[in-house]
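Visitor: I would like a close look at the aromatic rings here. Please take me through them, then through what surrounds them.

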Amino acid sequence: RIETCVVTSATLAVGEAFDFVSRRLGLDANDLEPVTASLPSPFQYATQSVLAIPTDFPAPNEDARVHFRRTVQAAADLVGASGGGVFLLFTSHRDVREAAQAMRALGMEGRHPLLVHGEDTRDALLRRFREHGDAVLIGTASFWEGVDVPGRALRGLVLGKIPFRVPSEPVTAAQCEAIDGAGGDSFGEYMVPHAALRLKQGFGRLIRTATDHGVVVICDPRVVRKSYGRALLSGLPPAKRIEGGWPVLLEQLRVFYGTTLSTTSG
């Protein structure tokens, strides 16, 4: 019924390829080949942003409790370096609640407004975050996408772990079963590409204009330890990337904030 349809988004390609979304939309038939194009961003990610990956954290599937504690402490450290303006994003509401409790125990709420997903509406939390300018927001899935906070109010993003879909969720389980049943690899063909797009969506919250600056911290070392990590990172914007022990990274991030905040405020 429609001869031509134009689909645009910042998160359609995994790396430079559109195979995943083409399959999901049913556009992979032999007689139907979509015309695709990937256009460069106008943003200077290499100077506007830093991607930091601590390699001294345990993976969440190895030691979940230690990983969680290290992630919360890293978020608190980043807030100290940036002076606020940080999103701390998780993949479950339980982690959001526990992170809020831990941040309050660290005295965060006495220094910055602590806005917690579930304690107010999404719109109200975003409005307060934008208006204050130095707040800290702890959220889950709905804050990974469709959120626009341009300017200085958002200058730090901490991603707790790779946003893999829950394998037992009915739709995910059915998709994986269909791929495996056809002789495919559901993890490589479905779980990894989906996580790559979600990771790109999360990163996309940070740089919204040509004058924005900020840091993304991915607290899941699997993005550099596992073979599939390359697929996850390849589609992210070309920010300056640093890896290593968190104390060393934190010092570099303090320098970045010290330079960019003084420049933007001046």
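Which residues do ring pairs link into a cluster?

Guide: F43, Y45 and F203 form that cluster, linked by ring pairs. Some ground rules come before the rest. The model is predicted, so local features need pLDDT of at least 70 and side-chain atom pairs count only at pLDDT 80 or more, while totals for chains, interfaces and linings use all residues. Residues are numbered from 1 along each chain as its sequence is written, and side-chain values use heavy atoms, without hydrogens and water.

A pair of aromatic rings is described by the distance of the centres and the angle of the planes. Rings of Phe, Tyr and Trp (its six-membered ring) pair if their centres lie within 6.5 Å; planes under 30 degrees apart are stacked, over 60 edge-to-face, the rest tilted. The structure holds ten such pairs.

Take F87 and F143. Their ring centres are 6.3 Å apart and their planes lie at 80 degrees, so the pair is edge-to-face. F87 sits in strand 2 (residues 86–89), and F143 in the loop between strand 4 (136–139) and strand 5 (156–159); the pair therefore ties together parts 56 residues apart in sequence. Strands (E, at least two residues) and helices (H or I, at least four) are DSSP runs, numbered from the N terminus. F87 and F143 are both buried, meaning under 20% relative accessible area with a 1.4 Å probe, protein chains only.

F256 and Y257 are also edge-to-face: 5.7 Å centre to centre, 70 degrees between the planes. F256 is buried, as is Y257.

Strand 2 leads on to helix 5. In helix 5 (residues 122–132), A124, L125, L126 and F129 are buried. The buried residues of helix 5 pack against strand 2, strand 3 (114–116) and strand 4. Just after helix 5, G133 takes a positive phi of about 95 degrees.

Now helix 7 (residues 186–203), which holds H194. H194 counts as buried because its relative accessibility is 18%. Beyond its neighbours within four places in sequence, H194 is in contact (heavy atoms within 4.5 Å) with F20 and R165.

One more aromatic residue, F68, belongs to a helix pair. R65, F68, V72, A75 and A76 in helix 3 meet D95, E98, A99, A102 and M103 in helix 4. By class, that contact has seven nonpolar, no polar and three charged residues. Nonpolar covers Ala, Val, Leu, Ile, Met, Phe, Trp, Tyr, Cys and Pro; charged covers Asp, Glu, Lys and Arg; the others, Gly among them, are polar.

Technical notes
Buried means under 20% relative accessible area, exposed over 50%, partly exposed in between (1.4 Å probe, protein chains only).
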